[in-house]
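Subject: Handing over the two-chain model

Hi there,

Here is the structure I promised to pass on to you. Please open it first, and then read my notes below.

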Protein chains: 2
Amino acid sequence: MPDSAPDKSRIWTAALLVIGDEILSGRTHDKNIAQVASWLQVQGIRLKEVRVVADDMDAIVEAVNILRARSDYLFTTGGIGPTHDDITVDAVSAAMGLDVIIHPEARAILEAYYETRGGVNDARLRMARTPDGASLIPNRYSGAPGIRIENVFLMAGVPNITAGMLDALTGTLEGGAPVLSETVGCWVGESEVADLLRECEQAHEGVQIGSYPFFREGQVGANFVVRATDPDLLASCVHALCEGLGEQGRTFTPGGI
Amino acid sequence: MPDSAPDKSRIWTAALLVIGDEILSGRTHDKNIAQVASWLQVQGIRLKEVRVVADDMDAIVEAVNILRARSDYLFTTGGIGPTHDDITVDAVSAAMGLDVIIHPEARAILEAYYETRGGVNDARLRMARTPDGASLIPNRYSGAPGIRIENVFLMAGVPNITAGMLDALTGTLEGGAPVLSETVGCWVGESEVADLLRECEQAHEGVQIGSYPFFREGQVGANFVVRATDPDLLASCVHALCEGLGEQGRTFTPGGI
């Protein structure tokens, strides 16, 4: 194997920083955590940590510097619009010790986008500001681009615009083997099979089993989600789990309930 | 005014730690951030920061120790069930240097709850474990209680159980003046009125104005949310904002669009 062959066992990690008073006040229900998490799974990148902070310079700077250092990638959502409370570019630049510039390509994109929409004014031009040295993430919905600087990706807060930016990034980031998962559903209280779950996980190193209880149609049940990067290991653990449930006389549903 | 009168200008703060692999994998869409955030507003407590971490001892311990030190209250959701991946009690106890005990009152609650449901087994008894010195938060849905230890509140991950625990805590925590808010909606691109928003906020110290753009019925618009603890200051800022919008010939809708 040549030295340059990718190491599939390397685990790539990401953090997400959600920026916005509206999430912390409860006014807006965040939708970006789930969509970024799902997207990262497909890229073979593990979301290790999420933080939500206010539109506050110190809070953003602190989180950016910690999170970008300890994950391979840091994504942010929110705070890149045209108003006074949009301070993500300033905060990320401050965190990284970079100047804020008007990005010529972003300016051209905004001038074209607003040509038939009243033209670019000072507020709109704020959305062309980036840390010095940044590249752009296309925004196919509303002109103003996302921003990449080193391993940090600044995206919009509005979920469908964020989705478009994620779509533009699909396949462009190096990742590892994606985490595979299989679900086994069972009409059982999770506390009745807790020993079996623990034993199955311990017998298959590299596998995690999550237990997600529910209460439906007047009955308790749970979905057991088995996760691993190795498909054989995953299949072996799922097999052991199903066999164990069968031995206990439980009825289970591969694929989940 | 006697010395013991509550200081209404004191700002009470909270942090929320969401614990669970299922949120970071994108499998489960978190609903607890929004409901805890909204509930805290009513208690007069400001949610300053949220973190989401995996079912991982080191990650939970680190977050608990940072967050409980820098906010008045720390709430956690998730990881207090009966299975092997439920390690919140162990992690919080480790973070605080406390032993884990079987809480006699919690044990009695579980014994009563499971009396007609197959009895208490080892897994179910896990849900009676608390840090030494804890008190309990009632759970009116499914027996197993939440836990309070010092300024840390451990709650369930399942949103309707969390809601019941929040309900049980309502009115029991000291808070400050609640943050009041008024919304003004306007069919305008936020970038067209960015100067006005900034000027209104600057002219009213203690007020924050958030701008939340939307695209509906083929038109751009935005809701401007004005927040303050002082009702007169809030009214004055809303008045100035509406006047400014009127002077620009904008049509606006008090209460929001």
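**Where the chains meet**

Across the interface of chain B and chain A, four salt bridges are found, a salt bridge being a side-chain nitrogen of Lys or Arg within 4 Å of a carboxyl oxygen of Asp or Glu. B:Glu192 and A:Arg124 form a salt bridge, with their closest N and O atoms 3.6 Å apart.

Before going further, a word on how to read this. This is a predicted model, in which local features need pLDDT of at least 70 and side-chain atom pairs count only at pLDDT 80 or more, while totals for chains, interfaces and linings use all residues. Residues are numbered from 1 along each chain as its sequence is written, chains are lettered from A and ligands numbered from 1 in the order in which they are written, and side-chain values use heavy atoms, with hydrogens and water left out.

Back to the interface. In all, 46 residues of chain B are in contact with 45 residues of chain A (contact means heavy atoms within 4.5 Å). The two chains bury about 3900 Å² between them, 54% of it on carbon and sulfur atoms; buried area is the accessible area (1.4 Å probe) that two parts lose on being put together, summed over both.

Which element of chain B gives the most to the side that touches chain A? Strand 2 of chain B does, with seven residues. (Helices, H or I with at least four residues, and strands, E with at least two, are DSSP runs numbered from the N terminus.) By class, that side of chain B has 18 nonpolar, 13 polar and 15 charged residues. Here Ala, Val, Leu, Ile, Met, Phe, Trp, Tyr, Cys and Pro count as nonpolar, Asp, Glu, Lys and Arg as charged, and the others, Gly among them, as polar.

Strand 2 (residues 45-53) of chain A also pairs with strand 2 of chain B, antiparallel and over five bridges; two strands pair if DSSP finds at least two bridges between them. Within this pairing, A:Val50 stands opposite B:Val52.

**Strands of chain B**

Eight bridges join strand 2 of chain B to strand 1 of chain B, and the two run parallel. B:Thr13 has B:Arg46 of strand 2 opposite it. Strand 1 of chain B is also paired in the parallel sense with strand 3 (residues 73-77) of chain B, over five bridges, and there B:Leu16 has B:Phe75 as its bridge partner.

How many of the residues of strand 1 (residues 12-19) of chain B are buried? Eight of its eight are, where buried means under 20% relative accessible area, exposed over 50% and partly exposed in between (1.4 Å probe, protein chains only). B:Trp12, B:Ala14, B:Leu16 and B:Val18 point one way, and B:Thr13, B:Ala15, B:Leu17 and B:Ile19 the other way.

Strand 11 of chain B is mostly covered too, with eight of its ten residues buried. Strand 9 (residues 180-186) of chain B runs antiparallel to strand 11 and is joined to it by seven bridges; B:Val184 has B:Phe224 as its bridge partner. Strand 10 of chain B pairs with strand 11 in the antiparallel sense over nine bridges. The hairpin of strands 10 and 11 has two residues between the strands, and B:Glu217 takes a positive phi near 50 degrees in it.

**A look inside chain A**

Chain A has nine helices and twelve strands. Of its 257 residues, 51% are buried.

A:Pro131 lies in strand 5 (residues 129-131) of chain A. Why does A:Pro131 count as buried? Because its relative accessible area is 0%. Leaving out residues up to four places away in sequence, the residues that A:Pro131 touches include A:Val89, A:Leu98 and A:Ile149.

A:Ser71 sits in the loop between helix 3 (57-70) and strand 3 (73-77) of chain A. A:Ser71 counts as buried because its relative accessibility is 7%. Beyond its neighbours within four places in sequence, its contacts include A:Thr13, A:Lys48 and A:Asn151.

Finally, in helix 7 (residues 159-169) of chain A, the buried residues include A:Ile161, A:Met165 and A:Leu169. Among the elements that cover the buried residues of helix 7 are helix 2 (32-43) and strand 7 (146-149) of chain A. Just after this helix, A:Gly171 takes a positive phi of about 80 degrees.
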